[in-house]
Amino acid sequence: MILASLAALLCIAAPATAPAAASAPAATAEASATDGSLIVHATSDGSVTVRDSDGRIAASILVKEGQSVPISLSPGRYTITDDHGGPRSIEVAPGGRLEYRTTPAPAPMPAVAPGPAPGPAPTIAEPEHEPPMSGGRCGGGPCRRWKRIAAPLMSAAMPGAGQIVNNEPGKGVGMFLGALSLGGGAAALYLTRDPLASTTPGLNGSTFGSEAVNAAGFGMLTGGLGILYAAQIMDAYASAVGLDRPRPHKRHKIAVQLTRMATVGFRAGDPAAAFYADWNLNVLAQVRRRLSVGVSDLSVKYGIGRTTIQAGGRLHYRFFDRDRLWIGAAVGAMLQGTIGRVPGTIGEAQAPAVKANAFAVIPYGQLDLRLFLLDRWSLDIIPRISAPFGTRFYRQDLALPSHSVTFELGTGVGVYF
Amino acid sequence: MRALIPTLLAASLGLACALGFRGATEVDAEYSLDEIDAVRVNLPDTPISVLGDPEATTLSLEGVWYSVGGSRTVAADNSTIPLLNFALEGRFAELTAIIPTANRDLVDLEVRSLTLPPDRDLEIWTGLGDIEVAQVEGNVSIDVEAGHVTVFGGAEGVAIRTGAGDVEVETSGNTTAATDSGDVVIAQLGAGGNDLVITTGFGSIDVTLRSDANLDLDLKASGDIRVQTRTVSTVTSGAFQRAVGNGNVKVWLSARGGDVTVRLDESL
């Protein structure tokens, strides 16, 4: 509701003529041909400050109730504050015109009144989220534009490094140790698997318990590592821009999710249990408020002597979205087409003919929890239940049989446009 | 709401599993080896135990196809779908498994026993599985991705490669063996004087010779090298080379992650 109100108030102005300018008690920038203009309408006495993206003051004026003061600004992003509200970000286009109505005391929201504009329509940047003013505190240090790029990149290169760039050494070390622990644990589980443990005759699946525990541990550690890795990159960016409370982009048109659906499954041979992971891509369009539909579970899986192409459709409804948490539910179906190769045989006699290709349909239902660390980026946790009709293939030599009820846990990231 | 999320997460973590059933079908097959000199057994992952039986005239296989399915019916059906195929080309035969793509990763063969006449050459290819061959006096060749390999016999020669696993051979034939990880123990039988070319990536090599005449010793080890025969006696490390007599019997041993020991059979 707040976001909707803000969007209505901060609508694009297009005034045919500018209102009569009152005298400007404080400095305004000199106009040039490419400058845009900002008309400040005072709803109460007070001051208005405009800062550029580096936090430097571009203009500072004192206004009296009822005044309208024009300010000429070079094209770019600015942040406006007045005595009763802000900061609010604006983006000034060349030759564009914006109008800003000061926050009436004690009203919580500033407003930009609509009006005609002769030039290109100016825009209000990211109406659903206004990063704090540059020049303030971002993370543990002052805001710097270069950190917005450097911090997430550093975190991507080494977990925790971006937090250190943001002058948050404690958080950075914690992130690094967390990633190291999860990665080290997963590597240890992987490396301690002895291939010779399953070569002995007569096992008949008796090792299922220990192998299932090993597979579950590996899956949880790697899933946690993936979530932590993505989270600390997002956190580095959020701190670099001074973002404390993200405002999820509820009115997105397209959502793209990269997800790893994982489960522990059983095998016919030895090892008798294995970790089944299905990395896939999902692209959903929000066709109505809270309701999305699109293609899902896109992936290609290479096995031994086979290639599987997977795609599907999904219908998703978001039934909870408060603060940074969304919860939704979805139903969908995956389709798997598999092209296989049946080994040849020696001699002139024909080998028995068997099917080299396969097809499966895998319907599913899922919950969908999304935690936003940035306005347009979420961490996703997705419990799912499915049952394949036909053999469901995974990578390498892993497959789940037809009718096998499968509970999966997905982890991933989403981005919203 | 605060309680809901952890509850959902905990539940989903505990529920990340696939449910189903197992099935099994016994396999008992027999194939004629008339006019066949060599047999290749080319099967998916399975341990294989082969016995050379002087009374046998056929290749006999006993085993089980194990399977999984989402229901008992599906599991049972899956175990009956794979086929064993015995193909001939001249005096060579090959035993393979034919499995439809849709079932390939849902079934597993376990060979309990394989018997054949001892004078046939034998070649075994598989993935995961321990291999044991006894009393087959023809040429024995084994290629396995992971598994311990034991050969007693192979008078006409033994060739072994395993990706991981120990190798143990007792033979009167020339022997070539390689394992990426595992110990190798070779004991010569008969008069000796056969070539030995042995490599292990991580493990030790222990060789017992029946003869120390005309040796071409080329030994490499990251650990100790010990040679104790009537003609050569040394303890060293790194590498050791020595020719004895006309040097026409290769004893080339390489243990990149262990010791090499060469000794002469003390019973001589």
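How many of the five residues of strand 17 (residues 205-209) of chain B are buried? Four of them are buried, so strand 17 of chain B is largely enclosed by the rest of the structure. A residue counts as buried if 20 or more other C-beta atoms, placed from the backbone, lie within 10 Å of its own, as exposed if 12 or fewer do, and as partly exposed in between. Helices (H or I, at least four residues) and strands (E, at least two) are DSSP runs numbered from the N terminus.

The model is predicted: local features need pLDDT of at least 70 and side-chain atom pairs count only at pLDDT 80 or more, while totals for chains, interfaces and linings use all residues. Residues are numbered from 1 along each chain as its sequence is written, and chains are lettered from A and ligands numbered from 1 in the order in which they are written.

**Strand pairing**

Strand 17 of chain B pairs in the parallel sense with strand 15 (residues 184-188) of chain B and runs parallel to strand 21 (residues 260-264) of chain B. Two strands pair if DSSP finds at least two bridges between them.

| Pair | Sense | Bridges |
|---|---|---|
| Strands 15 and 17, chain B | parallel | four |
| Strands 17 and 21, chain B | parallel | five |
| Strands 5 and 6, chain A | antiparallel | six |

Individual residues mark these pairings: B:Val207 in strand 17 of chain B is the bridge partner of B:Ile186, and B:Thr261 in strand 21 of chain B is that of B:Asp206.

In chain A, four strands form an open antiparallel sheet in the order 3-2-5-6. Strand 3 (57-63) and strand 6 (85-92) of chain A stand at the edges with a single partner strand each, so one side of each has no neighbour in the sheet. From one strand to the next the twist averages 20 degrees, taken between axes that are lines fitted to C-alpha atoms, with angles running from 0 to 180 degrees between N-to-C directions. A:Tyr78 stands opposite A:Ile90 in strand 6 of chain A.

**Chain A as a whole**

Chain A contains five helices and 19 strands, and 44% of its 417 residues are buried. An automatic or database domain assignment divides chain A into domain 1 (2-101), domain 2 (137-244) and domain 3 (248-417). The centres of domain 2 and domain 3 of chain A, taken over C-alpha atoms, are 23 Å apart. Their contact takes 21 residues from domain 2 and 17 residues from domain 3 of chain A, where two residues are in contact if their C-beta atoms, placed from the backbone, lie within 7 Å.

Helix 5 (residues 208-240) of chain A has 33 residues and should span 48 Å at 1.5 Å a residue; its end C-alpha atoms are 48 Å apart, which agrees. The expected span is 1.5 Å times one less than the number of residues. A:Gly242, with a positive phi near 70 degrees, follows helix 5 of chain A.

**Contact between the chains**

Chain A gives 53 residues to the contact and chain B gives 46 residues. Helix 5 of chain A is among the elements that give two or more residues to the chain A side, and strand 10 of chain A supplies the largest share, five residues.
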